[in-house]
Amino acid sequence: MNSFLNYNCSCCNNNLVLINNFGKMPLANAFIDKKLFHKEHFFDLKTAFCEKCKLFQLVDQPKKELMFNDQYPFYSSLSEGMKLHFTNLYKNIFKNHLSQFDDPLSLEIGCNDGIFLENFKINNLRHIGIEPSSNVANIAKNKSINVLNKFFNNELTNYIIKNYGEAHLIYAANVICHIKDINSLFSSVEKLLHKKGKFIFEDPYLGDVIKNNQFDQIYDEHVYLFSIISIENICKRYNLEIVDCEKLLTHGGSMRYHIARTGEYLVSEKVSKIKDEEIQLGLDKKDIYLKFDENCKKFKNNFVNLLRDLSDKNQSVVGYAATSKSTTILNYCNISSEYLNCIFDSTEDKQGKFSPGMHIPIRSDADFTKIKSNYCILFAYNHKKEILEKEHKYSINGSKWIELFPLPKIIND
Ligand code: DWN
Ligand code: SAH
């Protein structure tokens, strides 16, 4: 049942239209010890669409301190592919933007373990990383990166302006979509940005999520999935504009937004081109989201049938990469260890624990090929190339990978 909600848009306060109800959900990254099962935190994972500002959002997000603290188990630098992504981006931003300034200041919101900022450190460029999760912030600090172990907010903005001055670059990857108070965020950015500064950020792209049915991008941390249309609406309020945008392949399909003060830079034709594509797709109207909800239900049905069928045939199934995204899939589809033996993952903090909610054991990726299994679900489809190259031996003996989207399917069957 889709209907208007008694909830208002976090951006423009308009009444929201309910889209998905994924049911009770644990925190996506709350990998848990057996002795703590009884204390597990759950919330209602629902999404909604704002017909006024066109923002796709969670109806409710758990408190930020519950998600980002001293035990945040996502370490950006565990992916070689992403390290390369950020080094290339650094070179590009330096050449095309920062090199025009004397002694530019760059600020990264949500720098995690320093995967992007280490390029600034190596090249002796002034930089500040803002990172509330102290375990990952400490890794960045140990690389001699300048990190403030705080949430980005208005108070911190005043502190930065006072102590460092305005920023020529404000950058964020996979972070802006995590911050509920989007108005406060944009107002802080507007305050901090140098007259000719750029605010560049990238996040999973709503257009890709809808087209490929990647509903697993919806979890506690991702309070928004953005489009050019919704970002443009927010920018207008702060006298900012999107001057360029780039579609990216990272995280299963992302968009990078280049934002500046209105009138300071030429606007690339790409912006209106992609906005037109969004209107063609229907991202500005609720109907496509209601269709998306039907597709999520179809996914659930197909996934459960596939796993039931494999279990009936006594085939063993494991998973690869205990991603945040996998928490939504497993809990929504109610997949327990009856159907999925374990998930292999390279993060030491997750190994030996159990997946949030469904309590699938997490094992070290070093054991992956030591333990015989017939099928493996590739949860980190965004790292497909890196993982399939690393684990090329898996299919040699006839074991098969299962891909998830748009609908679950066995590869090479
Ligand atoms: O937005 C976010 C993105 C940037 O990262 C955060 N909210 C949380 C996180 O999302 P995720 O967990 O879905 O990210 P990934 O990068 O799809 O998955 C990372 C997981 O995959 C880690 O647990 C490590 C694991 N992994 C692995 O086991 N072997 C990853 C690679 C590349 C590998 O080779
Ligand atoms: N930028 C990295 C990490 C993304 S994960 C990458 O793309 O790989 C999201 C990160 O944002 C986490 O490290 C989390 O601690 C941080 N974060 C969450 N809310 C934040 C906020 N309000 N201010 C700054 N960082 C935040």
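Modeller: Let us begin with one word, because "buried" here means a relative accessible area under 20%, while "exposed" means over 50%. Please also keep in mind that this is a predicted model.

Biologist: Okay, which residues of α11 are buried?

Modeller: In α11 the buried residues are Ser 324, Lys 325, Ser 326, Thr 327, Thr 328, Ile 329, Leu 330, Asn 331 and Tyr 332. That is nine of the nine residues of the helix, so α11 is largely enclosed by the rest of the structure.

Biologist: And what do those buried residues pack against?

Modeller: The buried residues of α11 pack against the strands β2 (15-26), β3 and β14 (343-345), and also against helix α10 (287-312).

Biologist: Can we zoom in on one of them? Why does Thr 328 count as buried?

Modeller: Thr 328, which sits in helix α11 (residues 324-332), counts as buried because its relative accessibility is 0%. If we leave aside residues up to four places away in sequence, Thr 328 touches Met 25, Leu 45, Phe 215, Asp 216, Ile 218 and Tyr 219.

Biologist: What happens just after α11?

Modeller: Just after that helix comes Asn 334, which takes a positive phi of about 55°.

Biologist: Switching to α9 now, how far does it reach?

Modeller: Helix α9, covering residues 269-281, has 13 residues and reaches 19 Å from its first C-alpha to its last, which is close to the 18 Å expected at 1.5 Å a residue.

Biologist: Which of its residues are buried, and where do they sit around the helix?

Modeller: The buried residues of α9 are Val 271, Ile 274 and Glu 278. When you look down the axis of α9, its buried residues fall within an arc of 75°, so they line one face of the helix. On the other side of α9 you find the exposed residues Glu 269, Lys 273 and Gln 280.

Biologist: Why is Gln 280 called exposed?

Modeller: Gln 280 counts as exposed because its relative accessibility is 72%.

Biologist: Now for α5 and α6, how do their axes cross?

Modeller: The axes of α5 (residues 154-164) and α6 (residues 182-192) come within 9 Å and cross at roughly 10°. That makes α5 roughly parallel to α6. Their contact is made by Asn 154, Thr 157, Asn 158, Ile 160 and Ile 161 of α5 together with Ser 188, Lys 191 and Leu 192 of α6, and these residues divide into three nonpolar, four polar and one charged.

Biologist: Which residues of α5 are buried?

Modeller: In α5 the buried residues are Leu 156, Thr 157 and Ile 160. They cover an arc of only 105° around the axis, which puts them on the same side of α5. The face turned away from that buried side carries the exposed residues Glu 155 and Lys 162.

Biologist: Last topic, the loops. What is the phi of Lys 54, and is that residue buried or exposed?

Modeller: Lys 54, found in the loop between β3 (42-50) and β4 (56-58), has a positive phi of about 70° although it is not a glycine. Lys 54 is buried, with a relative accessible area of 18%. Asn 112, in the loop between β5 and α3 (118-122), also has a positive phi, near 55°, and counts as buried at 6% relative accessibility.

Biologist: And which peptide bond is cis?

Modeller: The peptide bond from Phe 405 to Pro 406 is cis, with omega near 0°, and Pro 406 lies in the loop between β17 (400-403) and β18 (409-410).

Key
Residues are numbered from 1 along each chain as its sequence is written. Chains are lettered from A and ligands numbered from 1 in the order in which they are written. This is a predicted model: local features need pLDDT of at least 70, side-chain atom pairs count only at pLDDT 80 or more; totals for chains, interfaces and linings use all residues. Side-chain values use heavy atoms; hydrogens and water are left out. Axes are lines fitted to C-alpha atoms, for helices over the stretch in contact, and angles run from 0 to 180 degrees between N-to-C directions. Helices (H or I, at least four residues) and strands (E, at least two) are DSSP runs, numbered from the N terminus. Angles under 35 degrees count as roughly parallel, over 145 as roughly antiparallel, 65 to 115 as roughly perpendicular and the rest as oblique. Contact means heavy atoms within 4.5 Å. Ala, Val, Leu, Ile, Met, Phe, Trp, Tyr, Cys and Pro count as nonpolar, Asp, Glu, Lys and Arg as charged, and the others, Gly among them, as polar. The expected span of a helix is 1.5 Å times one less than its number of residues. Buried means under 20% relative accessible area, exposed over 50%, partly exposed in between (1.4 Å probe, protein chains only). The arc is that of the directions from the helix axis to the C-beta atoms.
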